[in-house]
Every structure is written in structure tokens, then in C-alpha cells.
Amino acid sequence: MRSAASLHLRAARVLEDNWTGASTVPSRGLYPHQWSWDSAFISIGLRHLSPLRAQTELDTLLGAQWGDGRIPHIVFNPSVPLDAYFPSPDFWRSSTAGRAAGAPRTVQTSGIVQPPVHALAAWLVHLSDPGLSRSRGFLSRVYPHLAAWHRYLLHRRDLGGGGLVSVVHPWEQGMDNSPTWDEPLSRVTPAPARSFRRADLDHGAAEDRPTDLDYGRYVRLATDYRDGEYADGRGEFAVEDPAFNALLIASEHALARIACELGAAGTARHTRAERLTAALVDRLWDPAEGMFFCRDVRTGDLVPERSVAGLIPLLLPALPRDIAAALVGTACGPHFGLGDTTRLVPSYDLTGEAFDPHRYWRGPAWFNTNWLLERGLRLHGERGRADALRDAALRTADASGFAEYVDPYTGEACGALGFSWTAALALDLLHEPHEPDEPLGHDVSPMGIGTFRHE
């Protein structure tokens, strides 16, 4: 790997190139709008370049929040042609189909959501420059939005009745094409291929992207949700996912810290986070397999597919010690190969029948999930493994040109290059690692190029 200062400059250049003036696109070609969880991860990296710009990133996203509290997974840029991305604003019809749910009238968005990383991101952005944050009222401004977002998820999306949040579309969980979705999606009648045009194939190889059959099912689910005015609980697809819920729990802990910073008690939120952790273990943990699985709410059954989503709960501070140890063992075993056969943790089971090292979320390694696992390893005392994963992520980001995702064995770049969250999270990993007893970060000062760890 080239010097840390060189990597910093090139990562900063990616984020500058993808900056629109109010937010950051994931990539100029394939993803020309603002994406919800992308912006959360991007702000975590931006805080090392400009805490003000990191705040703006989150402010822009939260400005598109719906009245019912949901944060849409895409905020559309009106200057981008409609045929540049599908589904486009004229598909979602947010301002009309979403009127009953309080969709904004002046901003076009999608109607589904993405994982709730936002409170964690806001807390880390605050810590990067507390003085600036306080002088601008950043936390007091975003807290009501984040609280409403969590209320929406906890009250409207507990479709299984067990206290956990359900996703109603694979795109909501973020790992769009994971084999985890194959069984629940099999019940969905796909939309006719002639009824939509896939803009993603203009930018990516068909063999690396979801199949036309899967894409038709995605479109059918989104169409039915839209035509039902984005009311929750009516669709054929409802799944409790361990990563989505783990990120909600981590953000509940972050909201507790934000509340304390604003002079309120955070005890209730910490208690809620611990209650959600217990529900996660009760409903999604499989002790025989040593990992968490998704639960298909419509059948009540666990989905027996090993996805990186089942490792993400390692991020949680209240996870029982034996479960954390089992997750580390699974991550380092034959199914994921951490520290042994793979450079980075793959998105899907190396031994699974559906494994493909290049196809979207069916095997490649992604930088955001590895960033989350690095934090989880460090939190649970696995400092050596965390350091090794950090170094591997930095080297791979560097060598791949900040690729969207990579072959987990070789590090070969896949998808878009100059991908924003890859650059942003590389910047974050260049800084001193988080202390193991601080799951949500510790007070840091903005760092310049010359203050990195020695490589």
C-alpha cells in the first residue's frame, strides 16, 4: 500500500468528485442520486475532511424525511435525466402515492427505506468537532428526525410481533441480491420484463448483477407497495434481518448518547437497545450454526442461508459473550475465511451453492460490512483480528481504486470504481482505531494528513 497520506488524498478526491454541493452520490454513473445508508457511511468518512460537510450530508438526507418518520432510501436529484436510473421518480410517485404517509411535496424520493445507520453516523460526526456541532445546533436539529425514524421502524415495522423490525423489500436491507432473499422472493410473481428497463446494465456486466427474474420480482414488490400507498404489512415479502436490526440497536445506543449530550436522560434508549438485543438473540440466533439468520415473517421460519448479515450483530455491546465468541469463530471458519482464505469477509457463505465471487451480494466482499465487523471485533476484545482486517481493508481499497465491491479471494475490483463509501470508510480506518470499550466512538479531534498511524 502507498503511504497513508497518499491514500488520504486519493480518497478525499473521490468524495470531492462525487459531491453535488449538498450531498454525495455513491458513484457518478451507476448511482447518480443520494442513497440513505450510503450517506450515513459517507458522513463518517467526511468528518475527517470537513465536519461541516459531514453535517450537511445528513441534513440533506433528513430534509427528505416523510411525515410518518421513514427516511427514504433514495432522494432524487431533479437535474438527473429520468432514464439515468431505474426505478426513477416517475415510478415511485412519492408525492402522490405517498401522500397519506406524509411524503414531502417538493422533493421526489423512493418509498422504501434502508438500514438505520444514521444516529450512529450523527454521533460520530458530532465527536469529530464537538465545538462546531454545538455552535451549529447539529444534534438538537437532527435528534427529532432520528427519534421519529426509530419510532416508525419500531411501531410500523414490527410485522412479526416479536419486537424486531421487518424489511418489506430486499433493497431495504441493502444487500439487494443476497441468496437470503431467494426463498421469500420465490412467492413473488415477477413483473413482466417488457414493463421496465434496467439502467444498471448500462454500467455493470450482466453476470455481476441480479438476474432479470430477480429484478422482475423486485419491481413487482415495489409496484405493489406503491399502489398500496406505502402502507406497511400488506405485502408478500416481510423478513426480519439480523444486520438491519443490529444497526437499529447500535443507533439506539447512539441516540441515547445524543440525548445525554442534549441534557436529557438516555437510560430509556439504552434499555430499549438491550431489549432489542435480547429479541434479536431470541428470534434470529441459531446456536448450532453459530450465527444469526433471517426470519421469514410470512412462514415464521428461519432462512438457512449464511450471509454476512448474520455476523453484523458482533457490533453490539450487550451481546452475550458466548455468542460474540461463536460469531468470531464462524467469521474465521470455512464459511467466511476471515484471516485465512479471504482478504475480506465475503457477503455470502464461501461453501454455499449460490456463492459467486463477483455477483452482487452473492459472494463479493463489501467495505461497509467489513468496516462494521472491524468495529465489532475491536469491541469484543479481538484487537489482533481487528487490526488485520483494518489493514486488509485499506490495502484492498487502495489497490482496487476504491471499488464498490471486490472478489473476496483476490481483491479484484468489481462494480463501480471511485465508490464513495469505500473512500469514506478507508478515511475512517486511517485514523486511530476505536477503543474496545467504546462501541460508538470516542472523542477525537479532526486529523490532518500527517497524523495517521504508521503503516
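Predicted model: local features only at pLDDT ≥ 70, side-chain atom pairs only at ≥ 80, totals over all residues.
How do strand 9 and strand 10 pair, and over how many bridges? They pair in the antiparallel sense, over two bridges.

Residues are numbered from 1 along each chain as its sequence is written, and side-chain values use heavy atoms, with hydrogens and water left out.

**View 1. The whole protein.** Here you have 17 helices and eleven strands; these are DSSP runs (helices H or I, at least four residues; strands E, at least two), numbered from the N terminus. The C-alpha trace spans about 55 × 50 × 45 Å along its principal axes. Of the 455 residues, 62% count as buried, meaning under 20% relative accessible area with a 1.4 Å probe and protein chains only. Take the contacts (heavy atoms within 4.5 Å) between residues at least 6 apart in sequence: 70% of them join residues at least 24 apart.

View 2. Strands count as paired if DSSP finds at least two bridges between them. Zoom in on Trp366 and you'll find its bridge partner, Tyr405, in strand 10.

**View 3. Helix 17 under cover.** Helix 17 runs over residues 420-430, and eleven of its eleven residues are buried. Among them are Trp421, Leu425 and Asp428. What do the buried residues of helix 17 pack against? Their neighbours are helix 1 (4-17), helix 2 (36-46), strand 9, helix 15 (367-379) and helix 16 (383-399).

**View 4. Ser27 in its loop.** Ser27 sits in the loop between helix 1 and strand 1 (34-35). Ser27 is buried, with a relative accessible area of 4%. Leaving aside residues up to four places away in sequence, Ser27 touches Asn18, Pro32, Ala416 and Phe419.

**View 5. The largest pocket.** A pocket here is an open set of points on a 1 Å grid over the protein atoms alone, where a 1.4 Å probe fits, with protein on both sides within 12 Å along at least five of seven lines; lining residues have an atom within 4 Å of a point. The largest pocket is lined by 15 residues, and Leu221, Asp224, Tyr225, Arg234 and Gly235 lie nearest its centre.

Definitions and conventions: Buried < 20%, exposed > 50% of the residue type's maximum accessible area, 1.4 Å probe, protein only.
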